[in-house]
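Colleague: I would like to learn how to read a model like this one. Please take me through a few features in turn.

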Amino acid sequence: MKNEMKMEFDAISANEAFARVAVAAFVSELDPTLEEVSDIKTAVSEAVTNAIIHGYDGIEGGKVNIRCLIEQDVLHVEVMDKGNGIEDIEKAMEPLFTTKPELNRSGMGFPFMEAFMDDLEVLSVVGEGTTIIMKKKIGCIPWIEDEE
Amino acid sequence: MDTKENIILCSLFDLRGKENCMMENFKVIDNYLMVRMPEEIDHHKSSYISENADRFIVQEKVDHVVFDFENTKFMDSSGIGIILGRYKKIACFGGKVFAINADNRIRHLLMISGLHKIVEIME
């Protein structure tokens, strides 16, 4: 099974809910569990929020692109912006690291994406933009049970 | 937490108003600020919660903040930012942050972000 979807929307915060719901709806053909849907929605919400507030510094006019691909039972999600880019990707991915504490950011965006998806890749060029590539296998039984 | 506090916390949330009136989501009881969290907590919604909560913390001089997640079906790291930001504002005066009616999903989010160490999660 193969299926692809692309969308482009304005980089404004009102579109965050729309983006995560659209991706969740697209993946529904794989019959994901409620937990898997929540995982995907959280990860997409983090990536899109990052694009809006860090990529474009919250300034309107930018566009966010999402490309989703279903291959067999794996969902690929790419979230792209043509914004600032990330200077130090390793630092940006550290839990609790944030460049915008004044906006009440927690520094948990990338850690949440990592926690809820199976694979996370960050491609970024300063001044050109950032692409987040996430993968998640749907319908698999986790190897290790979540620790309580 | 003693019984008296428990009764305050429980009875307060029986006085629910309508979801659409934002200001009804904030209530001060004694020195507790109660915040009823919306159905979806993301970056888009987070600033009004943070700003209003801060206003109450300063104007009403509350010591503690209680976040009620009963209606919440979705939360991302913005929710963590709201809680962490309020904690930083009240912790230096000995204030505490509580989370009530948090489902497994929200508890899991609090866990992996380490917030369960500073937030008292209650039934």
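Modeller: We can begin with a pair of helices from the two chains. This is a predicted model. Helix α4 of chain A, residues 109-116, packs against helix α4 of chain B, residues 104-112, at an angle of about 120 degrees, and their axes are 11 Å apart.

Colleague: Why are those two values quoted?

Modeller: Two packed helices are described by the angle between their axes and the distance between the axes. Here the angle of about 120 degrees makes α4(A) oblique to α4(B). The crossing in which α4(A) passes α4(B) is right-handed.

Colleague: Which residues of α4(A) and α4(B) make the contact?

Modeller: From α4(A) come F112(A), A115(A) and F116(A), and from α4(B) come R105(B), H108(B), L109(B) and I112(B). By class, the residues where α4(A) meets α4(B) are five nonpolar, one polar and one charged.

Colleague: How should I read the interface between the chains as a whole?

Modeller: The size of an interface is often given as the accessible area lost when the parts come together. Between chain B and chain A about 1900 Å² is buried, and carbon and sulfur atoms give 54% of that area. On the chain B side, the residues that lose the most area to chain A are H43(B), S77(B) and R105(B), together 31% of what that side buries. R105(B) is also one of the residues in the contact of α4(A) with α4(B). Counted by residues, 21 of chain B are in contact with 24 of chain A.

Colleague: What are the ipTM and pTM of the model, and what is the average pLDDT of chain B?

Modeller: The model has an ipTM of 0.86 and a pTM of 0.85. For chain B the average pLDDT is 84, with 82% of the residues at 70 or above. In residues 4-20 of chain B the pLDDT is below 50, and this stretch has 25 contacts in the model beyond near neighbours in sequence. Where pLDDT is low, the predicted coordinates should not be read in detail.

Colleague: Now a helix pair inside one chain, please. Are α2(B) and α3(B) parallel or antiparallel?

Modeller: Helix α2 of chain B (residues 43-59) and helix α3 of chain B (residues 77-91) cross at roughly 15 degrees, and their axes come within 9 Å. They are therefore roughly parallel to each other. α2(B) passes α3(B) in a crossing that is right-handed. In this contact α2(B) supplies H43(B), S46(B), I49(B), S50(B), A53(B), D54(B) and I57(B), while α3(B) supplies S78(B), I82(B), R86(B), K89(B) and I90(B). Five of these residues are nonpolar, four polar and three charged.

Colleague: And in chain A, how do α1(A) and α2(A) cross?

Modeller: The axes of helix α1 (residues 15-26) and helix α2 (residues 34-55) of chain A cross at roughly 140 degrees and come within 8 Å. That makes α1(A) oblique to α2(A). Their crossing is right-handed. Among the residues that meet there are A19(A) and V23(A) of α1(A), and I40(A) and V44(A) of α2(A). The contact of α1(A) with α2(A) has nine nonpolar, two polar and three charged residues.

Colleague: Last, a loop. Where is V126(A), and which residues is it in contact with?

Modeller: V126(A) lies in the loop between β4 (119-125) and β5 (129-137) of chain A. Apart from neighbours within four places in sequence, V126(A) is in contact with N84(A), G85(A), I86(A) and E87(A). D88(A) is 38 residues from V126(A) along the chain, and their C-alpha atoms are separated by 9.4 Å.

Conventions: Residues numbered from 1 in each chain as written. Chains lettered and ligands numbered in written order. Predicted model: local features only at pLDDT ≥ 70, side-chain atom pairs only at ≥ 80, totals over all residues. Heavy atoms only, no water. Axes fitted to C-alpha atoms, helices over the stretch in contact; angles between N-to-C directions. Helix = DSSP H or I, 4+ residues; strand = E, 2+ residues; numbered from the N terminus. Parallel < 35°, antiparallel > 145°, perpendicular 65-115°, else oblique. Left-handed = near helix turned anticlockwise from the far one by under 90°. Contact = heavy atoms within 4.5 Å. Nonpolar A, V, L, I, M, F, W, Y, C, P; charged D, E, K, R; others polar. pLDDT = per-residue confidence, 0-100. Buried area = accessible area lost by both parts, 1.4 Å probe.
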